[in-house]
Amino acid sequence: MPIIITRVLVIALALATLNVVAEETAPATVDVSRAELLDRIHGGWVGMLIGGLEGLPHEFKYKGQPRDTLPEFTFLEQGAWSDDDNDFEWPHLFFMDREGTLKLPHPRLVEIWKANMNSGIWVANKKARELMDQGVVPPETGSVARNPHAWYNLSGQFCVESYGLIAPGMPQTAADIGLHYTRIAVSEEPLQAAQFWSSLIALRAFHQGPMDDALQQATAAVDPKSAMAEVVADARKAFQAHPGDWKAARQEIDAKWRVERKWNDNSTPVNGAAVCLALLYGRDDFYQTLQYAMALGYDADCNAATAGAIVGVRLGFQRIAALPQFKMPDRYVNKTRPQLPAESRVSEQAETLLRVAERVILANGGETITIASQPGYRVKLQQPRLIE
């Protein structure tokens with residue numbers, strides 16, 4: 001079923017495979033069936049799960065140099081399980097759905113974290129949790145003055161992908177929601193990363209043009225003076241300079257950002273550049289993109305999770321499930337967050353995200369519609385824009 005875009009002016013989205021209709025007064029919108037939107041959200045969520053969990057054997061294994069070869073892997077033959085690449089966002093989404101709110105109030109977040117975030121938690125998130133026991137409430141738990149990891153930590157990347165999934169076509173809203181939850185553990189530069197990645201995923205839900213174009217558009221969501229804006233530009237330039245040599249591009253990035261600028265391998269700039277390279281060299285091939293994300297190194301599981309969400313939301317679940325490497329049963333085992341179900345279907349998680357996405361769509365001027373006798377949505381599109 002086609003997704004139909006309506007627009008006032010020629011907008012920056014490259015919508016080569018969509019049916020475009022020009023209207024003089026209506027804002028840019030996209031009509032999408034419920035089934036199609038669920039497939040895209042499911043694809044992004046599964047992409048994040050596969051990337052993060054299959055990437056674990058490569059976490060912090062390749063620092064000064066990338067992996068020699070691209071790794072082979074099979075998609076989660078035993079199903080998915082809770083890990084910090086998914087089990088910070090999943091409790092937020094679970095309670096957002098259950099309590100009918102898009103931004104859980106800070107005191108409520110403290111309650112949720114005290115009840116659930118007591119294992120499988122590291123670095124900036126761990127410090128934020130400790131501060132909560134001292135009576136500190138977000139966003140102070142993510143302030144540099146109180147949290148020594150807040151100024152660089154990768155929580156600004158790997159804890160935000162789902163906020164793009166629940167705001168399809170609405171990068172400004174995705175960034176705003178992402179900032180609300182990211183401030184629990186980080187501030188300063190990682191907030192630029194949070195805005196970039198949540199915006200890119202929201203944009204990529206309906207953007208059908210080249211990945212390089214999407215990366216360039218998403219930089220409108222960050223401060224042009226930020227490290228995030230610079231690393232995206234550097235990754236794009238490195239890819240253009242070395243289109244057939246991913247290792248050379250990686251070493252060019254490494255020399256500037258890790259060696260010269262001294263950002264560590266758990267920082268948003270170093271890992272953000274690696275994700276951009278994986279996306280560019282992967283060329284929207286799901287399996288290949290994750291291979292690059294793992295082989296490029298640093299915090300490779302987090303990077304593969306982010307890359308998987310971005311490619312997954314564009315391809316959708318059905319196309320991922322049709323890949324020969326896909327062996328994943330519809331199963332998610334929760335071993336870390338006690339207030340959530342001990343086991344659930346991944347498809348049920350996707351339905352949860354869709355219910356939240358419907359609230360986001362309606363809260364931002366969209367509406368429910370019927371498309372070919374099937375339920376659907378008219379989404380009011382947004383351009384990426386700097387929030388903070």
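This is a predicted model: local features need pLDDT of at least 70, side-chain atom pairs count only at pLDDT 80 or more; totals for chains, interfaces and linings use all residues.
**Exercise 1.** Describe how helix α1 packs against helix α16.

*Solution.* Start with the geometry: α1 covers residues 34-54 and α16 covers residues 346-363, and their axes lie 9 Å apart at an angle of about 120 degrees. Angles of 65 to 115 degrees count as roughly perpendicular and those over 145 as roughly antiparallel, so α1 is oblique to α16. Next comes the handedness: α1 and α16 make a right-handed crossing. Then look at the residues that meet. The α1 side includes Leu37, Leu38, Ile41 and Trp45, while the α16 side includes Ala350, Leu353, Leu354 and Ala357. Sorted by class, this contact of α1 with α16 consists of twelve nonpolar, three polar and two charged residues.

**Exercise 2.** Which residues of the largest nonpolar core touch the most other members, and what surrounds Leu279?

*Solution.* The largest nonpolar core has 123 residues, and Ile50, Ile166, Trp197 and Leu279 touch the most other members. Helix α12 (residues 268-282) contributes the most to this core, giving ten residues. Now turn to Leu279. Apart from its neighbours within four places in sequence, Leu279 is in contact with Trp197, Leu200, Met211, Leu215, Asp284, Thr289, Ala307, Ile310 and Val311.

How values were computed. Residues are numbered from 1 along each chain as its sequence is written. Side-chain values use heavy atoms; hydrogens and water are left out. Axes are lines fitted to C-alpha atoms, for helices over the stretch in contact, and angles run from 0 to 180 degrees between N-to-C directions. Helices (H or I, at least four residues) and strands (E, at least two) are DSSP runs, numbered from the N terminus. Angles under 35 degrees count as roughly parallel, over 145 as roughly antiparallel, 65 to 115 as roughly perpendicular and the rest as oblique. A crossing is left-handed if the near helix is turned anticlockwise from the far one by less than a right angle, and right-handed if clockwise. Contact means heavy atoms within 4.5 Å. Ala, Val, Leu, Ile, Met, Phe, Trp, Tyr, Cys and Pro count as nonpolar, Asp, Glu, Lys and Arg as charged, and the others, Gly among them, as polar. A nonpolar core is a set of buried Ala, Val, Leu, Ile, Met, Phe, Trp, Tyr and Cys residues joined through side-chain atoms within 4.5 Å. Buried means under 20% relative accessible area, exposed over 50%, partly exposed in between (1.4 Å probe, protein chains only).
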